[in-house]
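Student: I have a new structure to read. Can we go through the terms one by one?

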Amino acid sequence: MRRFFAVASADPLIHTEKEWVRQQLDNEALFRIFCAQNDADQRHAFDGARAISAARPDRIDLAVAALLHDVGKRHARLGPIGRSMATVAAGLRIPVRGRLGAYNAHDSVGASELAAAGAEAGVVDFARHHHRTRPESIAAEDWAILIDADHRY
């Protein structure tokens, strides 16, 4: 329920916040992908990445993974109600197609897009697996930091 209202009421990033994102994403294609997300997904990603950056300023890679992990959601073009329906269907293991199916496949869609844009392997792996179990390619400590930020913001 908290995420529903966060999506419905998200404030867009202000100029200084977008500039911080640009500094983290040294690849222009990745910055464009980030900016193509809706306000709610940008805010969620930004808040998580800033928290990671404050706690671990030496780990830009983790902040980048947080910034980009949900980029595949934008292809579904769903609002808060559609997202909720897709999430419930996934939780109940009800197969869905169309935009709901696209939303539930956002992890693999986003990971493929990030790989094609030149994202580092850890960023791609977090995008692909953040709703699953930790892949061997991501250290347990890093995974815990990323998942905590994803769930908290």
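Predicted model: local features only at pLDDT ≥ 70, side-chain atom pairs only at ≥ 80, totals over all residues.

Student: Which residues of H5 and H9 meet?

Tutor: On the H5 side they are Asp 61, Val 64, Ala 65 and Leu 68. On the H9 side they are Val 123, Phe 126 and Ala 127. By class, the contact of H5 with H9 has 6 nonpolar residues, no polar ones and 1 charged.

Student: Why is H5 called largely enclosed?

Tutor: Buried means under 20% relative accessible area. In H5, 7 of the 9 residues are buried, so H5 is largely enclosed by the rest of the structure. They are Leu 62, Ala 63, Val 64, Ala 65, Ala 66, Leu 67 and Leu 68.

Student: Which helices do the buried residues of H5 pack against?

Tutor: They pack against H2, H3, H4, H8, H9 and H10.

Student: Which residues of H9 are buried?

Tutor: In H9 they are Val 123, Val 124, Asp 125, Phe 126, Ala 127 and His 129. H5, H8 and H10 are among the elements that cover them.

Student: How many residues does the largest nonpolar core have?

Tutor: It has 33 residues. Val 21, Leu 25, Phe 34, Leu 67, Leu 68 and Leu 114 have the most contacts inside it. Two or more residues each come from H2, H3 (28-35), H4, H5, H8 (106-116), H9 and H10 (140-152). H5 gives the most, with 7 residues.

Student: What is Leu 114 in contact with, leaving aside its neighbours within four places in sequence?

Tutor: The contacts of Leu 114 are Leu 30, Ile 33, Leu 68, Val 71, Ala 119, Val 123, Val 124 and Ala 127. A contact needs heavy atoms within 4.5 Å.

Student: Now another pair. How do H2 and H4 cross?

Tutor: H2 (residues 15-24) and H4 (residues 39-55) have axes that come within 11 Å and cross at roughly 65 degrees. The crossing of H2 and H4 is left-handed.

Student: Which residues of H2 and H4 meet?

Tutor: From H2 come Glu 17, Lys 18, Trp 20 and Val 21. From H4 come Gln 42, Arg 43, Phe 46, Ala 49, Arg 50 and Ser 53. The contact of H2 with H4 divides into 4 nonpolar, 2 polar and 4 charged residues.

Student: Let us turn to the loops. Where does Arg 77 lie?

Tutor: Arg 77 is in the loop between H5 and H6 (80-91). Its phi is positive, about 55 degrees, although Arg 77 is not a glycine.

Student: Why is Arg 77 called exposed?

Tutor: The cut-off for exposed is over 50% relative accessible area. Arg 77 has 59%, so it is exposed.

Student: And where is Arg 93?

Tutor: Arg 93 sits in the loop between H6 and H7 (98-104). Arg 93 is not a glycine, yet it has a positive phi of about 60 degrees.

Student: How do you know that Arg 93 is exposed?

Tutor: Its relative accessible area is 74%. Exposed means over 50%, so Arg 93 counts as exposed.

Key
Residues numbered from 1 in each chain as written. Heavy atoms only, no water. Axes fitted to C-alpha atoms, helices over the stretch in contact; angles between N-to-C directions. Helix = DSSP H or I, 4+ residues; strand = E, 2+ residues; numbered from the N terminus. Left-handed = near helix turned anticlockwise from the far one by under 90°. Nonpolar A, V, L, I, M, F, W, Y, C, P; charged D, E, K, R; others polar. Core = buried A, V, L, I, M, F, W, Y, C linked by side-chain atoms within 4.5 Å. Buried < 20%, exposed > 50% of the residue type's maximum accessible area, 1.4 Å probe, protein only.
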